[in-house]
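Colleague: I'd like to learn how to read a few features off a model. Could you walk me through some with me asking as we go?

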Amino acid sequence: MADDLARRAAELRDQLHFHIYRYNVLGDPIITDAEYDRLYHELRQLEEEHPELIAVDSPTQRAGSDLSEDFPKVRHPAPVLSLANAFDEAGLRAWEERNLRLLPAGTELDYVLEPKFDGLTIVITYENGLLTKAATRGNGEIGDDVTANVKTIRTVPLRIPVRADGPPAPERLVVRGEVLFHKEDFEAVNRQQEAAELPRYVNARNTASGTLKQKDSRITATRPLTAYIYSVLDSVGIVLDKLDKQWDMLEYLREMGFQIPQESQYYPTLSDIIQQLPAWESRRDSLAYEIDGLVVKVNDMRLAIELGVVGKDPRGAIAFKFPSQEATTKLIGVTASVGRTGKITPTAQLEPVFVGGVTVSNASLHNYDQIEKLDVRVGDTIIIKRSGDVIPYVVGPVTGARDGTEEPIRPPELCPFSGDPVIQPPGAVDYYCSNPLCPERVFRQLEFFVSRGAMDIEGMGPETIKTLIDQQLIHDEADIFYLQAEPLLELERFAEKKVQNLMESIERAKDRPLSQFLASLGIDGVGSTVATLLVDHFDSVDALIEIARQAKAAEAAFRQAAASLLQALPEDLSDEADSVTRNVARLRDPLVELAPRYVDVQDIDVRLQRLLKPLYETIGAEADDIATPLKNLVDVAAPLLRIDGLGPVLVENIINWFADEHNRQVIHKMQQAGVKMHAEQKVAASNVLEGQTFVLTGTLPTLTRDEATALIEANGGKVTGSVSKKTSYVLVGDSPGSKAEKARQLNIPTISEAELQAMIAAG
Ligand SMILES: [Zn+2]
């Protein structure tokens, strides 16, 4: 047993030394920080329980140091301590129990919870209110003097108190805090990098560190660093008994003018904190800054001091680390799935790994372009990330862990489902199965069409769809509406009740609102929001088919007119000016590149002439007459282009979809089967019925109850459930209930649907 523990400790020491070397010397870590922490923590715990196992070369015996030769050194007035870690509730409880054992019986502990910043520790000295020195943590005792750089950080006061009514500045105040980038600012820094065609920074913490340690503080000043202050390391001249609680100290620092983490909270017991942990974890992504956990501090600083220090860590505080959002594992393969548009999506198959609180065995690779960019290979050790509810994705390979057996990943040449050639349309990032009737595409399309939120056909799950496709009972969405009960009953697992329910839900689906129907078609970019916009402007599918047909014809006419221009161009355009190649692209895709800019423009010919000038000059052509066909195209497509919220690419998608022969056939077949393809008649609104209260009873000749209610409400009236003296009218249909009788008793007028309509029409 003792031997086992000694062996384990030695093993951990070796592993940690190896990873420290990879991280610090080679700059190429092969495990994540969180995994390093786990190993370190295990060794530390082992050593705490069995101090005889502590070796002189144990990594736990060396505090981290970030000292650099570029800066003068500063000795801190008190050790800048690190924190022990807890990874779960049990770890926190054990920490409290250990503390309580060290304190007089009956002591009760309350706590302050602070975010654990993923930044760089900083120690700042104020003398008589003036900032005189700022240093990095260094090795905890001596740090680098970065005063000039810290002075450029606007959230660090140069003089305290910042406001005249703040507490008086003590003779000396040394505070501890953290320097970091807010997420938003880090993104801005990266945008600047991109604009300057420089590589993006990957890690906010490392970038903050590099920025703080610039030799030229003018560079630091250009970067939006910020600083949070959370404790007093040393002081002379503060009445300390006023400040013997961590919570009061934060308030004191805030009054002085320091930026304090807003999210810090006081909790009377550890159980209160534990209860809040899940909420904190889900808030993590919405915070302005990166955190990797929380810090729990004993609120009573006298007790905290009494508890003392173990190793390099004070007992009075502990870091609670969130489950790591990153982990390393092995990529064992890549599978390709085919979606309803035919798009082929690669998915990483992983050796199962625990990350972000769950075990995952596959992760998203986005697309093959991304795979190539990341240079991920099968057999690689890879880093995956899972944050919040986001699908886990591959961050990248650990190239240092390669042994040469890894295999590059290529997009499939043939569709894994239908065996058809895979194509990459010009300019597209994604690969597609080339066969529109690929059974997998059809399956995905049908699965989407019937899903909840789309046509919502109950009883038509993936298994049922698969069976129906296999039995050749359906080939497309329209076939669903032609299904008969008879052949279904002969299938396995299709009992009478099930078939009957299915037939009924298919029948109901024929009557979905037009916007719901449009959103079910799976047109790229047309979800329920866009579908609703379309219905606001087009009252039927036929109207959309008609505009698509006309737009395609106008587009073809334009292309023909533009062909002579394009023919006159040199074959290789690479020597031409950007303005010329840009114009060529415009001529090739007039619907997206030209039409949108001329909607509601009078002098298209003049403007077009001006736009295409560089092109005309290049080919030495007189102004060709493409203005007229373009005008036609604009006129035809304008009703779509004018809709606020539809971009040109989306408009083109919609036009292409409704112009497609196969799609039109499917639509036609559905129309024949009785699927509703026009908008509800819009209810005209008025306030004719204002102040009137209606009660409905019986079956109305044309309106449903919902429609009648909507009609009354749209015209300012109210609908209630029961008849009373306050009821103005009772709207009576066929086989009315007791409400009609009640109306007679109370002498309330009864009216028919026709009378209601007349009432509204009369105004
Ligand atoms: Zn296919």
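Modeller: Gladly. Let's start with strand pairing: two strands pair if DSSP finds at least two bridges between them. Keep in mind that this is a predicted model.

Colleague: Which residue of S13 stands opposite Leu 294?

Modeller: Leu 294 faces Phe 320 in S13. Strand S13 covers residues 317-321, and five bridges join S10 to S13, with the two running antiparallel.

Colleague: How many bridges join strand S3 to S10?

Modeller: Seven bridges do, and this pairing is antiparallel as well, with S3 spanning residues 111-117.

Colleague: How many residues of strand S10 are buried?

Modeller: In S10, residues 291-298, eight of the eight residues are buried. In general, side chains of a regular strand alternate between the two faces of the sheet.

Colleague: On to rings, then. How do I read an aromatic pair?

Modeller: Look at the distance between ring centres and the angle between planes: under 30 degrees counts as stacked, over 60 as edge-to-face and the rest as tilted. The whole structure holds 13 aromatic pairs. In one of them, the planes of Phe 181 and Phe 186 meet at 35°, with centres 5.9 Å apart, so this pair is tilted. Phe 181 and Phe 186 are both buried.

Colleague: What kind of pair do Tyr 368 and Tyr 431 form?

Modeller: Tyr 368 and Tyr 431 are edge-to-face, at 90° between the planes and 5.9 Å centre to centre. This pair links distant parts of the chain, 63 residues apart: Tyr 368 belongs to helix H11 (residues 368-374) and Tyr 431 to strand S22 (residues 431-433). Tyr 368 and Tyr 431 are buried. Elsewhere, one aromatic cluster is formed by Phe 117, Tyr 228, Tyr 230 and Tyr 289.

Colleague: Which charged residue lies over the face of Trp 280?

Modeller: Arg 283 does, at 4.6 Å from the ring centre. Lys 466 likewise lies over the face of Phe 443, at 4.3 Å from the ring centre.

Colleague: Last one: which residues coordinate the zinc ion?

Modeller: For a metal site, list the donor atoms, then check the angles. Here the zinc ion is held by SG of Cys 415, OG of Ser 418, SG of Cys 433 and SG of Cys 438, at 2.2 to 2.3 Å. Angles among the four donor atoms run from 97 to 119°, and the site is tetrahedral. Along the chain, the donors follow the spacing C-x2-S-x14-C-x4-C. Cys 433 and Cys 438 are both buried.

Note on methods:
Residues are numbered from 1 along each chain as its sequence is written. This is a predicted model: local features need pLDDT of at least 70, side-chain atom pairs count only at pLDDT 80 or more; totals for chains, interfaces and linings use all residues. Side-chain values use heavy atoms; hydrogens and water are left out. Rings of Phe, Tyr and Trp (its six-membered ring) pair if their centres lie within 6.5 Å; planes under 30 degrees apart count as stacked, over 60 as edge-to-face and the rest as tilted. Buried means under 20% relative accessible area, exposed over 50%, partly exposed in between (1.4 Å probe, protein chains only). Helices (H or I, at least four residues) and strands (E, at least two) are DSSP runs, numbered from the N terminus. A charge sits over a ring if NZ of Lys or CZ of Arg is within 6 Å of the ring centre and within 35 degrees of the ring normal. Donors are N, O and S atoms within 2.8 Å of the metal (3.2 Å for Na, K and Ca); water is not among the atoms, so sites may look incomplete. Four donors count as tetrahedral if all angles lie between 85 and 135 degrees; four count as square planar and six as octahedral if opposite donors are over 155 degrees apart and all others between 65 and 115; anything else is irregular.
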